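Thanks for asking me to look this one over.

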Amino acid sequence: MTDIGSGSTALRSSSLGVFTAAHIGETHRLTGWVHRRRNLGGLLFLDLRDRSGLLQVSVGPDWTEAESLEIAETFGHEDVVAVEGTIVERPDPNPELPTGAVELRAVTVRRLNKAATPAIPVYRGPEDELPSEELRLQHRVLDLRRAELQANLALRHRLILAVRNYMDGIGFVEVETPILTKPTPEGARDFVVPSSSHPGEFFALPQSPQIYKQILMVAGFDRYFQIARCFRDEALRADRQLEFTQIDVEASFVGVDDILTWMEGLMAELARVGGVPAPLPFPRMTWDEAMERYGSDRPDLRWELEITDFSAALDGIDFRVTQSALDAGGRVRGFRLAGGASLSRRQIEAIEERAKKAGAPGLLWAKRTDEGGSGPLSRFLDESRWQAIGAEPDDLFLMAAGADGVTSPALDAVRAAAIEALELERVRDHAWLWVTDFPVFEAEDDGGLAPNHHPFVQPRPEFIDSLSSDPLAARGDAYDLVYNGTELGSGSIRIHDSALQRRIFTLLGLGDDEIEQKFGFLLRALEAGAPPHGGVAFGMDRIVQRFAGATSLRDVIAFPKTTAARALFEGAPVPIAPGDLADLGLALRGASIQEPERE
C-alpha cells in the first residue's frame, strides 16, 4: 500500500529529504533527478533531488554492482534515476543540508529517463547568478525545479489550505461563481470570450466575483468565501498579472467591525503559517489621516517619517512658488529630515526626480547648517522663518507646494526616496494597518466622477443627503488592509438598497438604458430583499509574495505572464486561423493572419 506521508510509491520506498542519522542501516529504493555529479577517481557521488530535498548517493566498486557502476558513469544533469542501497553515515557531513549527516550507499542504480542537456542550470553554486528572467520563463519547467520556487509554491499551498480551514471554522461556505460571465465595468478591460452558440455575442472573464457574491447574500448564503480566479486585461508590472487569485469573502447582517475582526484572525493564521508576526488587533487609520500624514492610502509604517504642513510658517514669504500655491487654496507640505543636510545636491536632485515622476512640477528644499542655510528655498527664510519651521542644525527640508491631489503622491514618493537615501532605520519590521473611510468618488479629468473603490460601496449615513451636491466629500464604509506598504486586500460594506444603488450609478454618469444593460440583474436581485452585507477580497499572490520574501509575483506563480503579457513557456497568445474565427462569427480588420499549422 502506498504510504502518502513518507512518499512511498510503487517505484520508491521514501522521499529523499527525510533522512537523518536515525535511518542509518535501513535499506531503501529511491528515485529523483541528478542534481549534481562528482567523480572522485573511482568513487562517484550523486546529489539526488526530489520535491522534498537532496540526498547524497555514493557509488563505488566495493559496494555497487559492476553493471550499475557503468550505468552511473553515464548519468547527466537532470537525468531521472532510481537507486537502491543502504543509508550510512556520511564521511563528510554537510551541516547546511537537512540530510547532510547521511548518504545512500548504492548497490544498484538505473536510469528511468535520459534528460536533454538543460537549457538553463538547475544546480547553482554559491557564486552563480540566475539566468535572465526571460530565459527562465522560456524554460519554466526547469526553472520550477529550483528549490526557491518549489518552496514558494509549497508555501502557497499551505496558505490556501489555511484559508479554507479558517473560513470553514467560522461558519463560511465556499461557493464557486461563474468564469464565463457578463461584461461589467470594474476599472480594467474585460477579457471577452466569443460565443459560438450565439454569434456576435460575448462572455467576459470575471475581474472579480463582486456582483455574484452580493447576489449570493440576497440568496441567503450569509457567509460566503471563495479562492477565486480573476482576470484583468491591463498593463503588467512586478505586482500585477493578467490572471490572479484572490481570497473572496462576503457576509450578511454585518458591520465594518465584523469583517475586520474576522479578517484579522485570518491574516494572523496566514502569518503564522508564513512565519510572519501579526500582533492583533491591527491599527486603523482613516483615508483622510493616511493622506495627510503620509501622502498615500497604503503607507509603509515600518518608518515613522511623516508629512508636516508648513503652510502657516511660510505664508507671506517673498517666494512666488509657495505664495501662489497658498493663494490658490493649496498648501506647502513636506518633511523635516534630521541629519539630512549630509545629502549631496545630486542626491537631492534624484529625490526631486522621483517627485516629478509622481506628478509634482518640482521640489522645494533647504538645508540648515552651523554655517547658515543653503538650497533654493533657504534664500527666502530669515531666522524667524527657520524657527517657525522647526529647523535645527544639519536639518534638510523637502517640500511640495500646491493642491493636495498633486502634492500627496509626490510626497509619498519623496518619503520613500528619502528613507532610502538616508538609510533611515526601521522602527518595526512588520507593519499592518487598516485604512478606512475611503472617498466614495474620485474626480476624472473631464470633470466627471469615477468610483474610488467600485460603485457598490455603501456611503456613510451622514453623506447620503449630500451625495448629489458634494459627491467628492462623501466617505464610504470601505477599507483596505496594508502590510509593509503593500495593499493586500480591499473591501467595503455594500449598498443593499436598489434605489440608492441606482442613484450612485446615475452620479457616475450612467443613463437608464446603460444601468439596465450592465447592472439590471443586480438591481433586480437587490429588490428581492437584500440584507445589509459586506466583504473583502485579498490578493493571494501578493500575500504569498510578501511572506516568501520574493521580489516579483512571477516567483510565486507556477506559469506567470511577462510584463509584455506573454506566456513564454507555452508561447501564448497565438494567432487564430481565419476559419476558426469565422466559426465564431469573427474577422480581423487591418491585420494579416498567418494560418496556423494543423496537426
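The points below go from the whole chain to single residues.

1. First, the ground rules. This is a predicted model, so local features need pLDDT of at least 70 and side-chain atom pairs count only at pLDDT 80 or more, while totals for chains, interfaces and linings use all residues. Residues are numbered from 1 along each chain as its sequence is written, and side-chain values use heavy atoms, with hydrogens and water left out.

2. The overall build. The protein chain has 16 helices and 22 strands; these are DSSP runs numbered from the N terminus, with helices being H or I of at least four residues and strands E of at least two. Along the principal axes, the C-alpha atoms fill a box of roughly 95 × 75 × 55 Å. Of the contacts with a separation of 6 or more, 66% are made by residues 24 or more positions apart, where contact means heavy atoms within 4.5 Å.

3. Of the 599 residues, 47% count as buried. Buried means under 20% relative accessible area, exposed means over 50%, and partly exposed lies in between (1.4 Å probe, protein chains only). The chain exposes about 29300 Å², and carbon and sulfur atoms supply 50% of that; the areas come from the Shrake-Rupley method with a 1.4 Å probe. The mean positions of the 63 positive and 92 negative charges are 3 Å apart, counting Lys and Arg as positive and Asp and Glu as negative, without His or the chain ends. Each charge is placed at NZ of Lys, CZ of Arg, CG of Asp or CD of Glu.

4. Helix α4 is worth a look. With 23 residues (147-169), α4 reaches 33 Å from its first C-alpha to its last, close to the 33 Å expected at 1.5 Å a residue; the expected span is 1.5 Å times one less than the number of residues. Its buried residues include Leu149, Arg156, Leu159 and Tyr166. Among the elements covering the buried residues of α4 are β9 (223-231), α6 (256-274) and α15 (540-548). Just after α4, glycine 171 takes a positive phi of about 90 degrees.

5. Aspartate 541 sits in helix α15. Is aspartate 541 buried or exposed? It counts as buried, because its relative accessibility is 4%. Leaving aside neighbours within four places in sequence, aspartate 541 is in contact with Arg156, Phe244, Thr245, Leu553, Val556 and Ile557. An unreviewed UniProt entry lists Asp541 under "binding site", along with residues including Arg232, Glu487 and Arg542; such annotations may be inferred rather than shown by experiment.

6. Histidine 453 is in the loop between β19 (449-451) and β20 (478-483). The unreviewed UniProt entry also gives a "binding site" listing of Glu186, Arg232, His453 and Arg494. Histidine 453 is partly exposed because its relative accessible area is 23%. Not counting residues up to four places away in sequence, histidine 453 touches Phe438, Ala478, Tyr479, Asp480, Ser490 and Gly491.

7. Two further residues. Threonine 407 lies in helix α12 (residues 404-422) and counts as buried because its relative accessibility is 2%. Beyond residues up to four places away in sequence, threonine 407 touches Arg333, Ala400, Ala401 and Gly402. Glutamate 353, in helix α10 (residues 345-357), is partly exposed, with a relative accessible area of 40%.
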